[in-house]
Amino acid sequence: MFVVIRFRVGEDAQAEFAVRARAAIDVLAKQKGFVSAQVGRNVDDPELLALNMEWENVGSYRRALSPYEVKLTAVPLLSQAVDEPTAYEDLAELLP
């Protein structure tokens with residue numbers, strides 16, 4: 001499964017966001033079921049950033065948000081996300 005978390009971040013605050021995103025990814029990467037992560041900027045709207053993560057399954061992702069270190073480092077960043085659903089089931093096997 002994959003997670004798409006979008007953030008609205010002013011260009012002047014993006015360097016600080018990048019530091020916080022790196023710390024969040026580092027702590028989440030230690031959690032069981034983590035596969036990969038990337039951060040990107042929208043090409044048409046440079047203040048719209050996205051954190052994309054891949055997890056083995058939705059349970060791994062949800063459990064990964066529970067440890068104290070994650071709550072201390074990643075959750076404060078994640079709580080500033082655009083309010084929308086973030087977890088997606090990979091349907092690649094259904095595509096022709």
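## Buried residues, ring pairs and the nonpolar core

Setting aside neighbours within four places in sequence, glutamine 14 is in contact with Val9, Arg41, Pro46, Glu47 and Leu49. The model described here is predicted. Glutamine 14 belongs to helix α1, which spans residues 14-29. Its relative accessible area is 9%, and because buried means under 20%, glutamine 14 counts as buried. A polar atom of the side chain of glutamine 14 lies 2.7 Å from the backbone oxygen of proline 46.

Methionine 1 is located in the segment before β1 (2-8). With a relative accessible area of 15%, methionine 1 is also buried. In sequence, methionine 1 and alanine 87 are 86 residues apart, yet their C-alpha atoms lie 7.2 Å apart in space. When residues up to four places away in sequence are not counted, methionine 1 touches Met53, Glu54, Trp55, Glu56, Asn57, Val58, Tyr61, Ala87, Tyr88 and Asp90.

Tryptophan 55 is one of these partners of methionine 1. Beyond its neighbours within four places in sequence, tryptophan 55 is in contact with Met1, Val3, Leu28, Gln31, Lys32, Gly33, Phe34, Val35, Ser60, Tyr61 and Ala64.

A search of the whole structure finds four aromatic pairs.

| Ring pair | Centre to centre | Angle between planes | Class |
|---|---|---|---|
| Phenylalanine 34 and tryptophan 55 | 5.2 Å | 85° | edge-to-face |
| Tryptophan 55 and tyrosine 61 | 5.8 Å | 50° | tilted |

Through ring pairs, Phe34, Trp55 and Tyr61 are linked into a cluster.

In soluble globular proteins, nonpolar side chains tend to be buried together. In this model, the largest nonpolar core has 22 residues, and those with the most contacts inside it are Ile5, Phe7, Leu28, Met53 and Trp55. At least two residues of this core come from each of β1, α1, β3, α2 (58-64) and α4 (75-78). Helix α1 supplies the largest share, six residues.

Technical notes:
Residues are numbered from 1 along each chain as its sequence is written. This is a predicted model: local features need pLDDT of at least 70, side-chain atom pairs count only at pLDDT 80 or more; totals for chains, interfaces and linings use all residues. Side-chain values use heavy atoms; hydrogens and water are left out. Rings of Phe, Tyr and Trp (its six-membered ring) pair if their centres lie within 6.5 Å; planes under 30 degrees apart count as stacked, over 60 as edge-to-face and the rest as tilted. Helices (H or I, at least four residues) and strands (E, at least two) are DSSP runs, numbered from the N terminus. Buried means under 20% relative accessible area, exposed over 50%, partly exposed in between (1.4 Å probe, protein chains only). A polar contact is a pair of N or O atoms within 3.5 Å; within protein, one must be able to donate a hydrogen and the other to accept it, and residues adjacent in sequence count only if both atoms are side-chain atoms. Contact means heavy atoms within 4.5 Å. A nonpolar core is a set of buried Ala, Val, Leu, Ile, Met, Phe, Trp, Tyr and Cys residues joined through side-chain atoms within 4.5 Å.
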